[in-house]
Amino acid sequence: MKLFLPGPMTLLLSLLISMVLLRSDTLRAVQASGVRAPAVSHGVARWKAPRVADATQTPPVHHIQAGGTTAPPGVAAPSSQTDPFAPVYLVTSRDTWQGIRGLARDAVARRDSTGTPLVISETRADRLGEISRYVHVSERRCGGYFAFPSRAQAEAFVSADRAKQAMTKSLAAGYTLDNQATVSRWLPQVQEQRLYDTINHLSSYRNRYFASSHGKTSAEWIRAHWQSLAAGRDDVTTELFTACTNCSTQPSVILTIQGRDLPDDVVVLGAHLDSINGSNPYDPNQHAPGADDDASGIATLTETLRIALADGWQPRRTVKFMGYAAEEVGLRGSNAIAQSFRASGVNVVSVLQVDMTNYKSGAVTDMKLISDYSSTELKNFFISLFDTYLAPMGLTRSSVACGYACSDHASWTNAGYPAAMMFEAGGPNGSFPYIHTPQDTLATMGESAQHSVKFTQFALAYLGETAKTRGKVTGGPAQVLPVQ
Ligand SMILES: [Zn+2]
């Protein structure tokens, strides 16, 4: 990796270049003086990115910028939800960094626990949409980065990475398939109309953008709707998770069904509840219906929950349904939850992520198992679930890699928990053409939620076989041991 091992002269040169760039950055000068940047500053030239500094060289260049406005370690920068010019610190793959280097600066190379080359860089809040668009257009995937309000937090995130443990750890007892009685009863109960109605409601908001009022009210609707499905159940609770420092006013939503036999084992099913318009990402009034991305995932969870509760089902393990805030701006809600669970020692035994479940066009397989940044053991279990419960119905599967930080399962993987994701079929070229546009609607999915039906069946199989049914079976995932 010679490119990333610059000698002393190169480092000195980088330092000088970066100081010159800092002085010529009129935007930052405006910020530093405390004067609000005029609207014309939106047209400011893109940052010229210095080359990536080596991971082994400390301190990184940005720490010695004289007069810089970078927040000191541990101090949150101005709020990225209210100030479009606030710095945001990104953790991306090295490949993604190469593509966005015109939009970010002060990059330093790092590696996660699996040895994957990462880059921490600084961008601006109002550039996140353009970065997301690059990832979508050029890398043909979603997500692509974790975002933090300070460099210190980004550094701490990478330092504490536990992806290796999450991806390779073998659970002592493994996952078992022995709850057909429950799962087989559930599968025929999925109602396409209910999935349609949930997607239709969520995509009727102007947007579900994390920093807009709609982003908050739509999350509150999800909580109220989930709570209504649990009427009469004193073992089910809902909450708004707000302990996220960079999620603006958007809460994540968590519904918990208390486990009866193994309450300290936690099974998670998650989808993100926010949406974004990639062409107009900083406008709180942007039009971002997000029907497939990811109202379809929330609808999948909602219908799964409805069927399990309507059945009077009581799980052996504790189950948490989660609607994550602010996924589209760097997996913020899920990362806040995963980190908080890790900090308090919650024993999450498995995580299912559903992000986009309702688009299929052409002769492609019905589902794609995401192959990277996931637990090997859980992926194998997903394959067993599919082959046992869905393949007999004529459904087909394949797998695909989605790259670093492509959706919320990556937050759990980073925190050391076994997570995996099942992704929609997409079109012949593998993608959904209307992602992050005003055309992400039910109309462009044939005014139907039929493809989400399959994912709901998969989620029901996952739920029944990981959380199990109270008092009936004894198998299932073992305890995830604490990190050494
Ligand atoms: Zn998404």
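**Strands, sheets and helices in a predicted model**

Biologist: How many helices and strands does the protein chain have?

Modeller: Helices (H or I, at least four residues) and strands (E, at least two) are DSSP runs, numbered from the N terminus. This is a predicted model, in which local features need pLDDT of at least 70, side-chain atom pairs count only at pLDDT 80 or more, and totals for chains, interfaces and linings use all residues. Residues are numbered from 1 along each chain as its sequence is written. In the protein chain there are 14 helices and 12 strands.

Biologist: Which residue of S6 is the bridge partner of leucine 240?

Modeller: S5 and S6 (residues 252-257) are antiparallel and pair over 6 bridges. Elsewhere along this pair, valine 236 stands opposite isoleucine 257 in S6. For leucine 240, the bridge partner in S6 is valine 253.

Biologist: Which residue of S8 is the bridge partner of threonine 256?

Modeller: S6 and S8 run antiparallel and are joined by 5 bridges. Within S8, threonine 256 has as its bridge partner lysine 320.

Biologist: How many of the residues of S6 are buried?

Modeller: A residue is buried if 20 or more other C-beta atoms, placed from the backbone, lie within 10 Å of its own, exposed if 12 or fewer, and partly exposed in between. In the protein chain of 484 residues, 50% count as buried. S6 is mostly covered, and its buried residues number 5 of 6.

Biologist: Which strands stand at the edges of the 4-stranded sheet?

Modeller: This open sheet has antiparallel pairing and the order S2-S3-S1-S4. Each edge strand has a single partner strand, so one side of each is left without a neighbour in the sheet. The edge strands are S2 (105-111) and S4 (146-148).

Biologist: Which residue of S4 is the bridge partner of valine 91?

Modeller: S1 (residues 87-93) and S4 run antiparallel, joined by 3 bridges. In S4, valine 91 is partnered by phenylalanine 146.

Biologist: At roughly what angle do the axes of H9 and H10 cross?

Modeller: H9 covers residues 213-229 and H10 covers residues 291-310. Residues meeting across this pair include Ile222 and Trp226 in H9, and Ile298 and Leu305 in H10, where contact requires C-beta atoms, placed from the backbone, to lie within 7 Å. The two axes come within 9 Å and cross at roughly 20°.

Notes: Axes are lines fitted to C-alpha atoms, for helices over the stretch in contact, and angles run from 0 to 180 degrees between N-to-C directions. Two residues are in contact if their C-beta atoms, placed from the backbone, lie within 7 Å. Two strands pair if DSSP finds at least two bridges between them.
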